[in-house]
Amino acid sequence: MNEESAWVSQAQQGSDEAFTRLVETYQTPVYNLCYRMLGEPDLAEDAAQETFLRAFQHIRRYDEKRPFATWLLSIAAHYCIDRLRKRKFAMFSIDEEDDDGNTYELPDPSSPDPEAESMKGETRDRVQAMLKDLDETDRAAIIMRYWYDYSEAEIADSLRLTVSAVKSRLHRARKELAGLWQEEKPRSKPERRPHESPAF
Amino acid sequence: MNHRPFEDWLLNNQPLTPTEKLDLDAHVRACPHCAALAESGIELRSVRMVPPAPGFTVRFQQRLAAQRIAERRRRLWGLVVLLVGGGALLLWLTAPFLLALISSPAQWITLVIGYLLFILTSMQTLGEIMLVFLRVVPGFIPPFVWMVIVSALAGLGLLWTVSIWRFGRFQRGV
C-alpha cells in the first residue's frame with residue numbers, strides 16, 4: 001500500500017489529518033482545474049475549497065479501483081460545469097450575486113488605463129482567454145487532456161461521457177480554439193511605437 | 001483547401017514518418033487554418049499549472065470547521081422542529097380522545113380490561129388449536145416431506161440473509 005492509499009484509507013475511517021495530507025498533495029491540480037474552468041482566482045479558490053469539502057463528505061463512497069486524482073478532479077470538473085451553467089443565467093446583470101453571494105467584477109473604468117490593463121491580462125494568458133469561449137464540458141475535456149495528460153478513457157470516466165463523445169468534443173474544441181487563435185492573432189500583435197524599428 | 005489528412009494528424013497528435021512530416025510542414029506553411037491548429041496545439045502543450053495562494057490547507061480546515069458547526073446547528077434545529085411539529089400533530093389528532101378519556105375514566109378502564117381479556121382468551125384458544133394440530137399432523141406427513149420443508153426453509157433463510165447483506169452494502173463511487 002503506498003502513502004496515498006494509506007491516507008485515503010485513514011481518511012475513510014474519519015482521520016482529518018490524513019485528509020489534510022491529501023489536500024496538501026492535490027491543492028495545485030484541483031485549484032488549477034478550477035482556475036482554468038472559471039477564469040478568476042477568487043472563484044477558483046472557492047470552487048477548489050468546495051471540491052475538497054465534497055470529497056471529504058463522500059470519501060467513503062470513493063472506489064479504490066479508480067485513481068484518487070481522477071475522482072477528485074471529476075468532482076472539481078462537475079462542480080465548475082454546474083457553476084458556469086448557473087452563471088450563464090446571471091450574466092444579464094453585472095452586479096447580480098450568484099448563489100454563494102459572489103459578485104462578478106469588471107475592470108474598474110476609473111483606473112488609470114483600463115484598456116491597457118485589460119490588454120496586459122489578455123496577452124499574459126492567451127490560452128486562458130480562449131478557453132472562456134468554449135462550452136463548459138469541452139473546456140473541462142481540453143483542460144484534462146493538456147494540463148493533466150489524461151487519456152480519452154480517463155476523461156470519459158471523469159466527465160461521465162463515452163470515449164467517442166470525448167474524442168468528438170476534443171476535436172471540436174481544438175478546431176474552435178484554432179479559430180479563436182486565428183481571430184486573436186492580428187489583435188495580439190503589439191502595435192509599433194513611433195520611431196521603433198519594424199523588426200520589433 | 002483540402003485539410004485532410006493534415007487536420008487529423010494535428011488533432012490526433014499521432015507519430016508521423018519523415019515524409020509525412022515534410023508534407024505537413026509544407027501544408028501548414030500554406031494553410032492558415034492548419035497553421036492556427038498547429039500553433040494553438042503548441043501553446044496548449046506549453047501551458048503551466050497555477051498554484052493557489054499560500055495557506056490553502058489552513059483555509060480548508062477553517063471552512064471544514066465552520067461547515068461542521070453549521071451542520072450541527074442545522075441538525076439540532078431539524079430535530080427541534082421535528083419534535084415540536086410531531087408533538088403538536090399528535091396532540092391535535094388525539095385531542096378528541098384525550099378529552100373523552102379525561103371526562104370519563106371508568107368507561108375506558110372497562111374497555112381496556114375487556115380488550116386485554118379478549119387477547120388473552122384468543123391466545124389461549126390459538127395455543128390449544130396448535131397443540132391439537134401438532135399432535136395429529138406429523139402422523140400424516142412422511143419423513144422425506146419434512147426434510148424437504150426444512151431444507152426449503154433453510155434455503156429461504158439463506159436467501160434472505162444474502163439479500164440483506166447485498167442491499168445493505170454502501171453504494172460505491174460518486
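Is Thr137(A) buried or exposed? Thr137(A) counts as buried, because it has 20 C-beta neighbours inside 10 Å, and 20 is the number at which a residue is called buried. Setting aside neighbours within four places in sequence, Thr137(A) is in contact with Ile81(A), Leu159(A) and Arg169(A). Please also find Ala173(A), which lies 36 residues away from Thr137(A) along the chain. The C-alpha atoms of these two residues are separated by 9.7 Å.

Let us now widen the view to the helix itself. Helix H7 of chain A runs over residues 136-146 and is mostly covered, with 9 of its 11 residues buried. Among them are Thr137(A), Asp138(A), Arg139(A) and Arg145(A), together with Ala140(A) and Ala141(A). Beyond four places in sequence, the contacts of Ala141(A) are Ile155(A), Leu159(A), Val166(A), Arg169(A), Leu170(A) and Ala173(A).

The largest nonpolar core holds 57 residues. Which residues have the most contacts inside this core? They are Val30(A), Cys34(A), Ala47(A), Ala76(A) and Ala141(A). The element that gives the most to this core is H2(A), with 11 residues.

Next, the two loops that follow H7. Asp149(A) is found in the loop between H7 and helix H8 (152-159) of chain A. Although Asp149(A) is not a glycine, its phi is positive, at about 55°. Asp149(A) is exposed, because 9 other C-beta atoms lie within 10 Å, and the limit for exposed is 12 or fewer. Further along, Arg160(A) lies in the loop between H8 and H9 of chain A. Arg160(A) is likewise not a glycine, and has a positive phi of about 55°. With 11 C-beta neighbours inside 10 Å, Arg160(A) counts as exposed.

I turn to chain A as a whole. It has 9 helices and 0 strands. Of the 200 residues in chain A, 31% are buried. Considering contacts in chain A with a separation of 6 or more, 58% are between residues 24 or more positions apart.

Chain B has 6 helices and 0 strands. Buried residues make up 7% of its 174 residues. H2(B) is hardly covered, with 1 buried residue among its 13.

How do the chains meet? In the model, 30 residues of chain A are in contact with 29 residues of chain B. On the chain A side, four helices each supply at least two residues: H2 (16-38), H3 (41-57), H4 (68-90) and H9 (163-188). Which helix gives the most to this side of chain A? It is H2(A), with 9 residues. By type, the residues on this side of chain A comprise 16 nonpolar, 8 polar and 6 charged.

Finally, a word on confidence. Chain A has a mean pLDDT of 80, and 74% of its residues reach 70 or more. Within chain A, residues 93-99 have a pLDDT below 50; this stretch has 10 contacts in the model beyond near neighbours in sequence. Residues 189-200 of chain A also stay under 50, and the model has 1 contact for them beyond four places in sequence. Where pLDDT is low, the predicted coordinates should not be read in detail.

For chain B, the average pLDDT is 87, and 96% of the residues score at least 70. Where in chain B is confidence lowest, and where highest? It is lowest in helix H1 (residues 6-12), at a mean of 83, and highest in helix H4 (residues 56-103), at 92. For the complex, the predictor gives an ipTM of 0.72 and a pTM of 0.65.

Terms used: Residues numbered from 1 in each chain as written. Chains lettered and ligands numbered in written order. Predicted model: local features only at pLDDT ≥ 70, side-chain atom pairs only at ≥ 80, totals over all residues. Contact = placed C-beta atoms within 7 Å. Nonpolar A, V, L, I, M, F, W, Y, C, P; charged D, E, K, R; others polar. Core = buried A, V, L, I, M, F, W, Y, C linked by C-beta atoms within 7 Å. pLDDT = per-residue confidence, 0-100.
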